[in-house]
Amino acid sequence: MAHSDLLYPDNPRRREEVNHLHQQLLDCLSDSFYATNKLIGVLNTHLGCRLASIEMKRDGTIKENCDIIIQAVMKIQKELQKVDAALKDKLEPTLYRKLQDIKEKETEKIAIVQKVISVILGEATSAASAVAVKLVGSNVTSGIINKLVTVLAQISVSLLGSIGVAVLGLGIDMIFRAILGAVEKTQLQAAIKSYEKHLVEFKSASEKYHHAITEVANTVEHQMK
């Protein structure tokens, strides 16, 4: 037992809690990498994009990995904006407004996009129309993706940003030293509070992001049957 643990007997429990919260954060990050690569695969296959997949840096910091996802998502948004601009240019104003109307049925939207998608992409399938509707004519880009980016940016500049992703494998005491540098009750409490605050928002944003992308993939599979 460390000398300071005699003064602060709850510190071992707090270190365990930091360890547990760190793993939860890594799980959310890993899910976001997986979902982003899944979306990149859909866009490359069906919308003719040439986006590179991303990989989690196991020897990097939380900030570095958050930044990797943010940069990838911004490239995705840029590609979707191009599709949106092309649809706006090719469709009659009334049809484009229907595409943006959340009250319109998805089947109607897909039918609208199919009128012009082949002109935009050169050659396109019904799956391409479904992808465009799911990602351009919905709140996935404007809402869900933007929220994920906001949360990742907040984590990057927080206390957690400088923490190494791989410190978990070094053991609890090493994690503690890597994060805090000294055994102090107040520092452990601050770390726990920071993890808890950001995890609440990150879990929510990550789950919605993952669900939205899974829905896109499922729609594509349905269209290809």
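Gln100 is partly exposed, with a relative accessible area of 35%, where partly exposed covers the range between buried (under 20% relative accessible area) and exposed (over 50%), taken with a 1.4 Å probe on protein chains only. This is a predicted model, in which local features need pLDDT of at least 70 and side-chain atom pairs count only at pLDDT 80 or more, while totals for chains, interfaces and linings use all residues. Residues are numbered from 1 along each chain as its sequence is written, and side-chain values use heavy atoms, with hydrogens and water left out.

The secondary structure of the chain comes to 10 helices and 0 strands, helices being DSSP runs of H or I with at least four residues and strands runs of E with at least two, numbered from the N terminus. Of the 225 residues, 46% count as buried. Among contacts (heavy atoms within 4.5 Å) between residues at least 6 apart in sequence, 75% join residues at least 24 apart.

Gln100 belongs to helix α4, which spans residues 93–100. If neighbours within four places in sequence are left aside, Gln100 is in contact with Asp84 and Val136. A further reference point is Val133, 33 residues from Gln100 along the chain, with 9.0 Å between the two C-alpha atoms.

The buried residues of α4 are Leu95, Tyr96 and Leu99. They cover an arc of only 100 degrees around the axis, which puts them on the same side of α4; the arc is that of the directions from the helix axis to the C-beta atoms. An α-helix has 3.6 residues a turn, so residues three or four places apart point the same way. The face of α4 turned away from this buried side carries the exposed residues Pro93 and Arg97, whereas the buried residues pack against α3 (62–90), α5 and α7 (126–135).

Two packed helices are described by the angle between their axes and the distance between the axes. For α3 and α4, the axes come within 8 Å and cross at roughly 145 degrees, the axes being lines fitted to C-alpha atoms, for helices over the stretch in contact, with angles that run from 0 to 180 degrees between N-to-C directions. Asp84, Leu87 and Lys88 of α3 make this contact with Tyr96, Leu99 and Gln100 of α4. By class, the contact has 3 nonpolar, 1 polar and 2 charged residues, where Ala, Val, Leu, Ile, Met, Phe, Trp, Tyr, Cys and Pro count as nonpolar, Asp, Glu, Lys and Arg as charged, and the others, Gly among them, as polar. Asp89, also placed in helix α3, counts as exposed at 59% relative accessibility.

On the side of α5, the axes of α4 and α5 come within 9 Å and cross at roughly 140 degrees. The two helices are therefore oblique to each other, given that angles under 35 degrees count as roughly parallel, over 145 as roughly antiparallel, 65 to 115 as roughly perpendicular and the rest as oblique. Leu95, Lys98 and Leu99 of α4 meet Lys109, Ile112 and Val113 of α5 in this contact, which by class has 4 nonpolar, no polar and 2 charged residues.

Within α5 (residues 106–114), the buried residues include Lys109, Ile110, Ile112 and Val113. They cover an arc of only 160 degrees around the axis, which puts them on the same side of α5.
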